[in-house]
Amino acid sequence: MKQKIFLEWIRIIAGLLVFSFGVHLTIFANIGLAPWDCLGMGISYHTPLNYGLSMTLMAVIILIIDLLLKEKIGFGTIIDALLTGNFVQLFNSLNPLPLNTSLWKGIAIMLCGFVFMAAGMAVYMKCAQCCGPRDALLVGLGKRLPKIPIGIVEILLWAVVLLAGWLLGGPVGIGTILSTFGAGFVMQIVYWLIRFEPREVKHRDVIEITKILLSHDGTR
């Protein structure tokens, strides 16, 4: 059982690499960023931090908020918070191609990015070690606003994040709209093709996994 958990951590990291490459493509498209990426890029413009470190700092802060909201936190959540932004920064730094300047090419690149993001998330979520910090934040806010549909809560959250990113100078454009509405649609198509249903995953939190790791035989 312990060996299985360690292998799951490797799969989580692999899934986050694929997901991060997808995020990199949405940035390389150069037609505007999704709300959270826009905020991360905006922060990087006004601090000594690059995009990767800005996203990591933001993820850690959100993770702390998730804990205060008493949301379910897994090792997957922690690994996501610490690695994803830095993986994206790595891809941004290694890309030898000049920044895209074509709108239609940018749209195609961004759609490809959504596919990689969805595939990476599927690999990551199948390990059942909880969702990323931002998803946990959305769930926590949704629980505290029970009379408001979760979709509206998400839109309100994204609106606040996007406004903050825009005020900090983060890139906003047609890609922002495409990310807000198109990423979920592409995700549904990818999950339908690979026959993956995220809502059927039974996640295990840090406490549950730690108990297994500390047990003598690694079984429950």
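Is Cys38 buried or exposed? In this predicted model, Cys38 is buried, with a relative accessible area of 0%, where buried denotes under 20% relative accessible area, exposed over 50%, and partly exposed the range in between (1.4 Å probe, protein chains only). Cys112, by contrast, is partly exposed at 42% relative accessibility. The number of disulfides is zero, a disulfide being defined as a pair of cysteine sulfur atoms within 2.5 Å.

Residues are numbered from 1 along each chain as its sequence is written, and side-chain values use heavy atoms, with hydrogens and water left out. Because the model is predicted, local features require pLDDT of at least 70 and side-chain atom pairs count only at pLDDT 80 or more, whereas totals for chains, interfaces and linings use all residues.

The protein contains nine helices and zero strands, and its pattern along the sequence is α-α-α-α-α-α-α-α-α. The radius of gyration is 18 Å, close to the 17 Å that the globule rule gives for 220 residues, so the protein is as compact as a globular protein of that length. This radius is taken over C-alpha atoms, and the globule rule is 2.2 Å times the number of residues to the power 0.38. Helices (H or I, at least four residues) and strands (E, at least two) are DSSP runs, numbered from the N terminus. Along the principal axes, the C-alpha atoms fill a box of roughly 55 × 40 × 40 Å. Of the 220 residues, 45% are buried. Among contacts with a separation of 6 or more, 81% involve residues 24 or more positions apart, contact meaning heavy atoms within 4.5 Å.

In soluble globular proteins, nonpolar side chains tend to be buried together. The largest nonpolar core comprises 45 residues, and Val23, Ile27, Trp36, Tyr51 and Tyr191 have the most contacts inside it. Two or more residues of this core come from each of α1 (2-28), α2 (35-46), α3 (51-68), α4 (75-94), α5 (103-125), α6 (133-144), α7 (150-167) and α8 (174-193). The greatest contribution to this core is that of α5, with ten residues. A nonpolar core is a set of buried Ala, Val, Leu, Ile, Met, Phe, Trp, Tyr and Cys residues joined through side-chain atoms within 4.5 Å. Thr176, in helix α8, is buried with a relative accessible area of 3%, and under the same exclusion of residues up to four places away in sequence it touches Ile31, Gly32, Leu33, Leu162 and Pro171.

Five aromatic pairs are found in the whole structure. Rings of Phe, Tyr and Trp (its six-membered ring) pair if their centres lie within 6.5 Å; planes under 30 degrees apart count as stacked, over 60 as edge-to-face and the rest as tilted. Phe6 and Trp9 form an edge-to-face pair, at 5.4 Å centre to centre and 70° between the planes. Both residues, Phe6 and Trp9, lie in helix α1, three residues apart, about one turn of the helix. Phe6 is partly exposed, with a relative accessible area of 41%. Trp9 and Phe75 form a tilted pair, at 5.1 Å centre to centre and 55° between the planes. This pair links distant parts of the chain, with Trp9 in helix α1 and Phe75 in helix α4, 66 residues apart. Phe6, Trp9 and Phe75 form one aromatic cluster.
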